[in-house]
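User: Please walk me through this model in short questions and answers. Keep it brisk.

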Protein chains: 2
Amino acid sequence: MFENTTKRTELGDLGEFGLIELIQKSIKLRNPETLKGIGDDAAVIDSNGLNTVVTCDMLVEGVHFDLMFHPLRHLGYKAVVVNLSDVYAMNATPKQILVSIAISNRFSLEAVEELYSGMELACEQYKVDLVGGDTTTSTSGLILSITAIGIAEKDEIVYRNGAKEHDLICVSGDLGGAYMGLQILEREKKIFLENPKIQPDLSGNDYILERQLKPEARKEIPAKLKELGVKPTSMIDISDGLSSEVLHLCRQSGVGCAIYEDKIPIDPQTYDRAREFGLDPTVCALSGGEDYELLFTIRQEDYEKLRMHMDISIIGHITDAGSGSNLVDKSGNQIALTAQGWDALLKKN
Amino acid sequence: MFENTTKRTELGDLGEFGLIELIQKSIKLRNPETLKGIGDDAAVIDSNGLNTVVTCDMLVEGVHFDLMFHPLRHLGYKAVVVNLSDVYAMNATPKQILVSIAISNRFSLEAVEELYSGMELACEQYKVDLVGGDTTTSTSGLILSITAIGIAEKDEIVYRNGAKEHDLICVSGDLGGAYMGLQILEREKKIFLENPKIQPDLSGNDYILERQLKPEARKEIPAKLKELGVKPTSMIDISDGLSSEVLHLCRQSGVGCAIYEDKIPIDPQTYDRAREFGLDPTVCALSGGEDYELLFTIRQEDYEKLRMHMDISIIGHITDAGSGSNLVDKSGNQIALTAQGWDALLKKN
């Protein structure tokens, strides 16, 4: 009925990050209370001297999850955790969430209760309050949109843009597990669809399945850093894969980096399954995503304080921008890092 | 692959408000900063002495809008305004929004730019900042999820639950227009689909079309009330129709009401079109929804201060709970009000 613009540029040609950058450029900030807009793990707002951080994520059935193997209770838990992870990545403490869902009548009330019981469990685990949201009808699948709100002292917030040359690059936990968990689930789904009588064989994969189905946000890491008297110079959570997140930190800080392949923490189960699937475990860690570990940089003088912390790996250091962002492989060769991270728009077109 | 619960209760049997109530009951609040959770126009959080309000809404293509007649720029504008309206309904000032969108590759970059240009226009108009969000792929249509954040002094917040017996019930602007605008658009769409050569005839309907396609939030009303020294005892915005919103105020305040049919403000254009469509203009005002006017109650002693305000109508008064919530029609008959408001789940099943 109404005219549309005649020019047509495909979203896939631009990619998710290209689109975000374009949106960011078209937006003006007007309020002095807005300390940080688009471009970090969360926005930052001055609330009477304290800092409020706000972040949101949308999860779409068929894009971010598959109800064939994501039980609703786990899905609810994960949807909350993913958002809290962004709050911790700002070095803030999550306090409230809002949850909007669009559901088709394919779902029963019992299914919705399962979903919310998972969200409530996450709220209990992380001491946050579910304070609002919206419920509406969907014409097809299930869509979840969660907003998380956190709080921090004014000088506690850690942005993506504070990394300096010679800083050490650290990562919590281990990487690539969630991705390998997904490979297992997708394999078993395929077998099940071909022959519904065969029950899924998930044994021996507990760790990586939990990494995929019921991940945790690393709330103890910022707490530990505070206890040790270490304030990261930059921080981000790993949702799209190590490679993509390192590049975010470097680009926003205007620096380069060297990441050492043999320092990247990979769990033996992740390693073994990757090999079985004919995948390079390092590539799984670099590009797999959904690990929700924290990637951060610290000043060299803080090295001693962290050295003995078992759950933090120092995987490289920050260089000048001119040196680029590189992976140093096991043979000592430098390879430029590329963002192979999850790119929703590119993938699906 | 995984077992599901065997019992199945249809969501449609419960309705949207029933579902919200059920969710609300299953949720615990843990943080003392959380002053108000689910159940008002927005959640309220104590931010170092100031009050932060947060609200979110999800808009789904095919449920809340039809791209046949909602131009993307207007849709972006409306999506923001609808959320800001909830912030004003708390007697707070909106400051920031976060926008998440899920889009299929049916949409071009230019379409996304149109959408965001409408949102940016609303941000400019209402002096708010778009500070974050998420962009993702949708398997079917367009889904928008917006979170709005506002601020108010501690004692300024107005809840739904403060109405007292003998309070006067007020409404801003006029009602039913957005609904009649939608009727016009749906009629013209039908004609267009039957014969695409016939261009839509929208002349003479400017006001009601604007009410539907590009509504405004009534930011000047809380400002005016403040100026007049009137603090409403309760307030809500009209998104689901006067009837539904009055019932919310009464239920949450534990009171009844008498609304006078001849006091309900209806614009002549709304009135004439309703008659042409064979609809009762009062029913359109009571059940149409999407007017985004403010419905509020004031103490009787504030009557003189508001009496001469042209854009506020006093439509009734609060009674005791035992008297029920009633409409007094033009002949003086009392009719119990029922929520005929938009009920997403009930309608679509």
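**Core, chains and loops**

Analyst: The largest nonpolar core holds 200 residues, and A:Val80, A:Met119, B:Val80 and B:Met119 touch the most other members. Such a core is a set of buried Ala, Val, Leu, Ile, Met, Phe, Trp, Tyr and Cys residues joined through C-beta atoms within 7 Å. Buried means 20 or more other C-beta atoms within 10 Å of a residue's own, exposed means 12 or fewer, and partly exposed lies in between, with C-beta atoms placed from the backbone. The model is predicted: local features need pLDDT of at least 70, side-chain atom pairs count only at pLDDT 80 or more, and totals for chains, interfaces and linings use all residues. Residues are numbered from 1 along each chain as its sequence is written, while chains are lettered from A and ligands numbered from 1 in the order in which they are written.

User: Leaving aside neighbours within four places in sequence, which residues is B:Val80 in contact with?

Analyst: Contact requires C-beta atoms, placed from the backbone, within 7 Å. Neighbours within four places in sequence are left aside. The partners of B:Val80 are then B:Ile97, B:Met119, B:Ala122, B:Cys123 and B:Ile146.

User: What radius of gyration does chain A have?

Analyst: The radius is taken over C-alpha atoms, and the globule rule is 2.2 Å times the number of residues to the power 0.38. For 349 residues, a compact globule would come near 20 Å. Chain A agrees with that, at 21 Å.

User: Which element of domain 1 of chain A gives the largest share of the side that touches domain 2?

Analyst: An automatic or database assignment sets the domain bounds. Domain 1 spans 31-152 and domain 2 spans 168-348 in chain A. In chain A, 17 residues of domain 1 are in contact with 19 of domain 2. The largest share on the domain 1 side, nine residues, comes from helix 2 (residues 72-88).

User: Which strand of chain A gives the most to the side that touches chain B?

Analyst: Across the two chains, 82 residues of chain A are in contact with 82 residues of chain B. With nine residues, the top contributor on the chain A side is strand 5 (residues 129-137).

User: How are the two copies related?

Analyst: Superposition is by least squares on the C-alpha atoms of residues with pLDDT of at least 70 in both copies. Chain A can be laid on chain B with an RMSD of 0.0 Å, by a turn of 180° and a shift of 0.0 Å along the axis. The copies are therefore related as by a two-fold rotation axis.

User: Is A:Tyr292 buried or exposed?

Analyst: A:Tyr292 sits in the loop between helix 9 (281-287) and strand 10 (294-298) of chain A. Its phi is near 55°, a positive value in a residue other than glycine. Because A:Tyr292 has 24 C-beta neighbours inside 10 Å, it counts as buried.

User: Is B:Glu301 buried or exposed?

Analyst: B:Glu301 lies in the loop between strand 10 (294-298) and helix 10 (303-306) of chain B. With 9 other C-beta atoms within 10 Å, B:Glu301 is exposed.

Methods: Helix = DSSP H or I, 4+ residues; strand = E, 2+ residues; numbered from the N terminus.
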